[in-house]
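Subject: Structure handover, aromatic contacts

Hello,

Here is the structure for your files. My notes on its rings and surface follow below.

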Amino acid sequence: MGLFNVKFFFFFPMSRYGSRGAGPFVASQEFKQMVKALHGAGIEVILDVVYNHTNEADDNHPYTTSFRGIDNKVYYMMDLQSNVQLLNFSGCGNTLNCNHPVVMELILDSLRHWVEEYHIDGFRFDLASVLCRGPDGTPLNAPPLIKAIAEDVILSRCKIIAEPWDCGGLYLVGNFPNWDRWAEWNGKYHFMTKFEYILLEMALSFEIIARFNRARAARLTLPHFTCQTPLFMPVGTQGTIKGLTNSQLEEIDCQIILGNTYHLALRPGAELIDELGGLHKFMNWKRALLTDSGGFQMVSLLHLADITEDGVTFQSPVDGKPMLLTPEESIRIQNKIGADIIMALDDVRRPRPLAQELRRLCTELFVGLTDVLLLIKDQMSKTYLVLFKEELIQFSEIYV
């Protein structure tokens, strides 16, 4: 079972869930592909849904982004005496009037849509006790919406799970109206399930097991091996330790090997390594691997490198072809390689010969920020500007 907490507008995922912010259509298509892939792996998808409020906040922040401008009294629970004051049982400033026929049909249509179009296997309802209240917030013994969801033909094959309380104190654990269909997750079960899932899925953990003064021994758990630190990490630049076999490395209890991102990307190539099952299978190594970022080659191959703010372009020492290595590309390559620990690309060149260039860059940065901040006249901005100028000066002097 997979539990997904996805923000959506009743009938489709938000645009930002699409790759590179490509819009609601792409987000919708990719969501369907994700569900299909999870089903192919034998994993059910339970959607965590919030039908207890909208994002229009409270009376002090009267945003009109959803239903407030259509019909306040229909869509929201209100103080019936004033017909103005919003009731807040959700903790978010407003409460959806779930058992009004119009709102109830909207919610039912939304749930059916997620089942029919996206093939969702079930729903977990956030603050489900809100769905058991009437227009004035009074608890209902037989809430129409809860009954309608339980008896709906399309939803009959779905799991429906209630979080049986709300922020107004309607605590229905063990007493949630269910029509033999609704299940309940109490808070302890809900949060421990999510917490244990996170622990199981963590790719890396670090546990200190002993200390002596400033020294320490630790256990580093990685996807392929659990390492005991401190440890020695030999360098296998292109996927091998020269002069030693893997069995010999295991005999001397080598726990982790370092591979070189730049050289592996150059030969045999990240794509080929990925096709062959990753670097572990490529080099027949069952223990941990760390890949550097390729940043050291900015020093060792400086004569073949053109370094800019975007990244570094190397001239291949093999065939002379250019190779652009950016921070993003370095991470992509290391993910393809499949190392247990990957490193971020950084410029590790000695900065002393570049002191004048560093001063120039600091000056340009300061002047650019000055042009922007001078548009803001308040004293706080001027204070921060002076402090930042001092920081830039100190930073540039450190490396002279």
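Buried means under 20% relative accessible area, exposed means over 50%, and partly exposed is in between (1.4 Å probe, protein chains only). By that rule, Phe125 and Trp182 are both buried.

The model is predicted, so local features need pLDDT of at least 70, side-chain atom pairs count only at pLDDT 80 or more, and totals for chains, interfaces and linings use all residues. Residues are numbered from 1 along each chain as its sequence is written, and side-chain values use heavy atoms, without hydrogens and water.

Ring pairs: there are 10 aromatic pairs. Rings of Phe, Tyr and Trp (its six-membered ring) pair if their centres lie within 6.5 Å; planes under 30 degrees apart are stacked, over 60 edge-to-face, the rest tilted.

- Phe31 and Trp114 are edge-to-face, with centres 5.4 Å apart and planes at 75°. Phe31 is in helix α1 (residues 24–40) and Trp114 in helix α3 (residues 101–118), 83 residues apart. Helices are DSSP runs (H or I, at least four residues), as are strands (E, at least two), numbered from the N terminus. Both residues are buried.
- Phe125 and Trp182 are tilted, with centres 4.9 Å apart and planes at 50°. Strand β3 (residues 122–125) holds Phe125; strand β5 (residues 182–184) holds Trp182.
- Ring pairs join Tyr51, Phe123, Phe125, Phe176 and Trp182 in a cluster.

Charges over rings (NZ of Lys or CZ of Arg within 6 Å of the ring centre and within 35 degrees of the ring normal): Arg133 lies over the face of Phe89, 3.9 Å from the ring centre. Lys32 lies over Tyr118 at 5.4 Å.

Best regards
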